[in-house]
Amino acid sequence: MIRAVEVIELDSLWLTLRLASLSTAILMVLATPLAYWLATTKAGIKPIVEAVTALPLILPPTVLGFYLLILFSPSSAFGSLWVQVTGQTLSFSFTGILLASVVHSFPFAVQPMQTAFENNGRRPAEVAQSLGASPFDAFITVTVPMARRGFLTAAVLGFAHSVGEFGVILLVGGNIPGRTRVISIDIYTHVETLDYASAHFLSMLTLCFAMLVLSLVFIVNRRYPIRT
């Protein structure tokens with residue numbers, strides 16, 4: 001038991017939870033309007049937007065991390081502007097891995113909410129507006145509660161995916177203790193140093209967490225079945 005406690009590096013654990021929590025909060029704010037637009041629009045550009053949104057699902061994390069590293073570099077326009085405004089670089093920083101986490105997990109938040117909005121349709125919101133509600137009020141009081149299953153699934157998957165990220169985080173943030181070394185990178189470090197006992201323990205914790213997340217998603221899906 002003492003050995004197990006020693007294995008858990010509190011800095012890495014805290015950094016992972018902080019990263020996942022902030023990433024999930026940002027994801028829910030950014031993904032909600034896009035998911036609603038994708039669910040309701042008939043614009044011809046919709047397939048292109050959906051393809052771009054889903055890119056992180058099929059791109060190797062190293063490819064995504066490589067291009068984000070270039071984007072965040074002080075030599076790029078965006079990275080240079082960030083340095084001028086904040087005085088800090090994005091690459092090899094917590095802010096950098098936070099932005100990378102949001103980009104990498106974005107489809108995991110958008111797609112469940114889009115599906116929920118599509119299943120509900122626009123009719124309930126239109127009825128609310130016909131009774132005097134503004135479009136925003138109808139969205140907040142009718143559309144969002146009806147899509148709670150999609151919101152819950154998006155939040156759970158977004159958080160879990162942020163916890164398990166490795167390749168993108170390693171390329172963008174490196175392996176800096178207390179700054180960018182999250183649990184997944186901690187496991188990699190233990191394997192590199194042939195400390196398999198520590199790597200096994202942390203991997204088992206991650207596996208149990210993944211099982212818990214998947215169980216929660218299935219429970220949510222059963223609790224809030226799709227109504228047609």
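Biologist: Which residues have the most contacts inside the largest nonpolar core?

Modeller: Good place to start! This is a predicted model, so local features need pLDDT of at least 70 and side-chain atom pairs count only at pLDDT 80 or more, while totals for chains, interfaces and linings use all residues. Residues are numbered from 1 along each chain as its sequence is written, and side-chain values use heavy atoms, with hydrogens and water left out. A core here is a set of buried Ala, Val, Leu, Ile, Met, Phe, Trp, Tyr and Cys residues joined through side-chain atoms within 4.5 Å, and the largest has 18 residues, with the most contacts made by Ala-31, Phe-106, Ala-109, Val-110, Met-113, Phe-117 and Phe-151.

Biologist: Which helices each supply at least two residues of this core?

Modeller: Helices are DSSP runs (H or I, at least four residues), numbered from the N terminus. Those that each give this core at least two residues are H2 (10-40), H6 (94-120) and H9 (148-164).

Biologist: What does Phe-151 touch?

Modeller: Phe-151 is one of the residues with the most contacts inside the largest core. Taking contact as heavy atoms within 4.5 Å, and not counting residues up to four places away in sequence, Phe-151 touches Met-28, Thr-32, Met-113, Phe-117 and Val-144.

Biologist: Is Ser-76 buried or exposed?

Modeller: Ser-76 sits in the loop between helix H4 (61-72) and helix H5 (77-86). Leaving aside neighbours within four places in sequence, Ser-76 is in contact with Ile-70 and Leu-71. Buried means under 20% relative accessible area, exposed over 50%, partly exposed in between (1.4 Å probe, protein chains only). Because its relative accessible area is 15%, Ser-76 is buried.

Biologist: What is the phi of Phe-92 near?

Modeller: Phe-92 is in the loop between H5 and H6, and counts as partly exposed because its relative accessibility is 37%. Its phi is positive, in a residue other than glycine, and is near 60°.

Biologist: What relative accessible area does Leu-194 have?

Modeller: Leu-194 lies in the loop between helix H11 (183-192) and helix H12 (196-223). Its phi is positive too, near 65°. Leu-194 is exposed because its relative accessible area is 60%.

Biologist: Where is the pLDDT below 50?

Modeller: pLDDT is the predictor's confidence in each residue, from 0 to 100. The chain has a mean of 86, and 93% of its residues reach 70 or more. The stretch below 50 has eight contacts in the model beyond near neighbours in sequence, and covers residues 1-7.
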